[in-house]
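Here are my notes for anyone opening this one for the first time. Have the structure up while you read, and take the points in order.

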Amino acid sequence: MSDKTEVNLSGVKESKGVWLVKVPKYLSQQWDKATEKGEVGKITIGKKQGKTEVRFSLNAELCALGAVGEKDGSLQVPRDHPFTMHTVGGQTMAVFSQSDTDGISLEGTVVHRAECRPVVNDNYMKLKKLQIKESAKPQRLSQQLERAVTTVFKPVANHDFNVDYEKKKKSEGKMVRAERQVVLDMLFSAFEKHQYYNIKDLVDITRQPVTYLKEIMREIGTYNSKGAHKSTWELKPEYRHYQSAEEEEEMETT
């Protein structure tokens, strides 16, 4: 049964418009370091040569914190980030939020798309250089041991699935070849229910050795090596309406 979650759509009536802005990774990391109700920065919207100009300025305290993993205290995160505006492009997009109680609410529809880019200066180039060095570091390092490892880990108990397998193997015993006609009747009965079987299922149904079973299936069946029913067996067309010996006797009697 799937869990159903109600969505609060009160934002539709309010007709709230929201901006969808792509920001650099380091900027979102700096925002995470701000206090719960702290100010992360300011957005200024103005006009320049008849065009709307949007700029984000990061809080000075967050700039001073430096980049994640940064060792040089003099290095700071870029503060000024002008927006590059994009059109929505005829798409209808919406922004949803999720509360601590897993409640989902509609915040509004996207009216503007933008990309927040830093001003390229010496600070930014130092930051990019540091990021490249960090990404180039190997995830795993080899270490030379001073002495050989002598600890040997041995299993303290047999796994449950191994125990179950051994019990099943003992209870069922070794598979013994049945008469050919008996095996044929079991196979034709099985193929009346389903058209395709893999060899493992046929072994479970007939309780016959796999080599003996494959020998019979090569005569009455076709192996699918490709297609939608890959690695399965099906009866040859001339055997698909086969009747067992018992069924033929019943029909003759009636």
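1. Start at Asn59, where a polar atom of the side chain sits 3.0 Å from the backbone nitrogen of Glu61. Asn59 belongs to the loop between β4 and α3 (60-64). Is Asn59 buried or exposed? With a relative accessibility of 16%, Asn59 falls under the 20% cut-off and therefore counts as buried. Setting aside residues up to four places away in sequence, Asn59 touches Glu39, Val40 and Gly41. Keep in mind throughout that this is a predicted model.

2. β4 runs antiparallel to strand β3 (residues 41-48), and eight bridges join them. If you want a landmark, look for Ile45, which stands opposite Val54 in β4. The hairpin of β3 and β4 has two residues between the strands, and Gln49 there takes a positive phi near 55°. β4 also pairs with strand β5 (residues 80-86), again in the antiparallel sense, over three bridges. On that side, Ser57 stands opposite Asp80 in β5.

3. Next, the aromatic rings. How many aromatic pairs are there? The count comes to four. One of them is Trp31 with Phe56, an edge-to-face pair with 5.7 Å from centre to centre and 80° between the planes. This pair links distant parts of the chain: Trp31 sits in helix α2 and Phe56 in strand β4 (residues 51-58), 25 residues apart. Phe56 is buried, at a relative accessible area of 6%, whereas Trp31 has 29% relative accessibility and counts as partly exposed.

4. A second pair to look at is Phe188 with Tyr239. Why does this pair count as stacked? The ring centres of Phe188 and Tyr239 are 6.1 Å apart and the planes meet at 20°, so the pair is stacked; the limit for stacking is under 30 degrees. Phe188 lies in helix α6 (residues 180-193), while Tyr239 is in the loop between β9 (232-235) and α9 (245-253), so the pair ties together parts 51 residues apart in sequence. Phe188 is buried, with a relative accessible area of 5%. Tyr239, at 28% relative accessibility, is partly exposed.

5. Please also take a look at helix α4 (residues 122-136). This helix has 15 residues and spans 21 Å from its first C-alpha to its last, close to the 21 Å expected at 1.5 Å a residue. Which residues of α4 are buried? They are Tyr124, Leu127 and Leu130. Looking down the axis of α4, these buried residues fall within an arc of 125°, so they line one face of the helix. Part of what covers the buried residues of α4 is α2 (25-32). On the other side of α4, the exposed residues are Asp122, Lys126, Lys129, Ile132, Lys133 and Ala136. At the N-terminal end, Asn121 caps α4, with a side-chain oxygen 2.9 Å from the backbone nitrogen of Tyr124.

6. Thr232 is buried, at 13% relative accessibility, and its side chain reaches the backbone oxygen of His229 at 2.5 Å. Leaving out neighbours within four places in sequence, Thr232 is in contact with Tyr196, Tyr197, Asn198, Thr222, Tyr223 and Asn224.

7. Finally, zoom out. The protein has nine helices and nine strands. Of its 254 residues, 22% are buried. Taking contacts between residues at least 6 apart in sequence, 62% join residues at least 24 apart.

Note on methods
Residues are numbered from 1 along each chain as its sequence is written. This is a predicted model: local features need pLDDT of at least 70, side-chain atom pairs count only at pLDDT 80 or more; totals for chains, interfaces and linings use all residues. Side-chain values use heavy atoms; hydrogens and water are left out. Helices (H or I, at least four residues) and strands (E, at least two) are DSSP runs, numbered from the N terminus. The expected span of a helix is 1.5 Å times one less than its number of residues. Buried means under 20% relative accessible area, exposed over 50%, partly exposed in between (1.4 Å probe, protein chains only). The arc is that of the directions from the helix axis to the C-beta atoms. Contact means heavy atoms within 4.5 Å. A polar contact is a pair of N or O atoms within 3.5 Å; within protein, one must be able to donate a hydrogen and the other to accept it, and residues adjacent in sequence count only if both atoms are side-chain atoms. Rings of Phe, Tyr and Trp (its six-membered ring) pair if their centres lie within 6.5 Å; planes under 30 degrees apart count as stacked, over 60 as edge-to-face and the rest as tilted. Two strands pair if DSSP finds at least two bridges between them.
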